[in-house]
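Reader: I am new to this structure. Please take me through its aromatic ring pairs, one step at a time.

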Amino acid sequence: MSRTKFAAAALLAALAVPWSGGPACAGAVAAQLRPWTRLDPGVDCGTWTDGAGSKVALAVVPAPLPGSRALRMDSDIVQWAGAWFAVRRTLPPGEALRFRARSDQSLAVNVILGDRGRRQDLHIVRLRGGRWQTFILPESCFKAPDWPTPGSDPGAFDPYGLVSVAFSPADPGRSALEVGPLEEVPAPARPRDGGMEPGTVQDFLALPRTGFGPFSDALGSSIALTVEHGARGAYEARVKYLLVPKGWCGVWIRAGQDWRGQDWGRGSGLAVEARSRSPLRLQLAFNDANQNAYLSPPLELEPGAWRVLRAPFASFRPNPYYQPPHARPGAPLDLGRVDTFNLSPLTPGRHAFEVRLVRLEGGGAPPAQGQAR
């Protein structure tokens, strides 16, 4: 979801919530912020949608734990949409929000906290799809969006004034999300949000269709990428292509789990886990923080089992065939922010290959720009 779209969604959520506070939490055991016993639309819950036809439907359904109930949220999103829920307890510093969730597919979800002053904090969780997962989000991992919320009081988010929790699928499309009771748990609590492991550039989990795309020549070459559920809960990109003689094609892929870019400065290169049925030559490319385009040397992929292709950053060279309009020729390589990377086949003909992980070599990746970990 773009920054503009999410800002609009957050604003609508803020305007919808009845800002009446609840008692502060006391005690050292988990306490429910929101049991899903009933829904009273317009009073203790509500939805917001764009004006482009998005829809959200809410229902209470059985939860996996005996005697408990869960919220079911069916969404059909064109641009943005979500639902807010009043809570009866606060989430002081040092406490954590815990809930179980399940989706019908891999899904990124914005979890949004709202306080009495219409201020908001947010964090993104990623669901693998098909099974229940437990999420633990310490209050400290929620951060204010890097844009102001119109109509909010000045100052920082007040965790003692928490009055609502909202859920919003982060990307367009249809999805079904089930959320178990929201609980407040005392510290210490390690975050469990389904986020990318340190050093990961792309693991293809919850990567939306807007997070990748093809490019090709006008000579007849073509390429297509789909994200599929692989073995052991992993996701992988499956690429099919036709490369004509003297032609070119490839796919661009988002770096990271959102559009805030990644800092690759701690890494020494890229490593790609890939597999094919025939010997192939592949090439990596990216634009650095100066918007200069760089290409790796050809990478040889032998057929058969999964293999790791390595491309040290020292081996990348400026792309002699294309530089973006806003490039800064002559500027040194700056890995401080990378938004996307390209993966291109160099072997002519009709072929296919799979990629299941792209990561940094030689050091862990720091958080994305402005992203809490």
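Author: What follows is a walk through the aromatic rings. This is a predicted model, where local features need pLDDT of at least 70, side-chain atom pairs count only at pLDDT 80 or more, and totals for chains, interfaces and linings use all residues. Residues are numbered from 1 along each chain as its sequence is written, and side-chain values use heavy atoms, with hydrogens and water left out.

Rings of Phe, Tyr and Trp (its six-membered ring) pair if their centres lie within 6.5 Å; planes under 30 degrees apart count as stacked, over 60 as edge-to-face and the rest as tilted. That rule gives 13 aromatic pairs. Take W252 and W259: their ring centres are 6.2 Å apart and their planes meet at 45°, so this pair is tilted.

How open are these two? Buried means under 20% relative accessible area, exposed over 50%, and partly exposed in between (1.4 Å probe, protein chains only). W252 is partly exposed at 27%. W259 is partly exposed at 33%.

Now turn to F286 and F316. Their ring centres lie 5.0 Å apart with planes at 55°, so this pair is tilted. The pair links distant parts of the chain, 30 residues apart. F286 belongs to strand β19 (residues 280-287), while F316 is in the loop between β22 (307-312) and β23 (317-318). Strands are DSSP runs (E, at least two residues), numbered from the N terminus. F286 is buried at 2% relative accessible area, and F316 is buried at 4%.

Elsewhere, ring pairs join W36, F85, F99, F135 and F167 into a cluster.

Terms used. Helix = DSSP H or I, 4+ residues; strand = E, 2+ residues; numbered from the N terminus.
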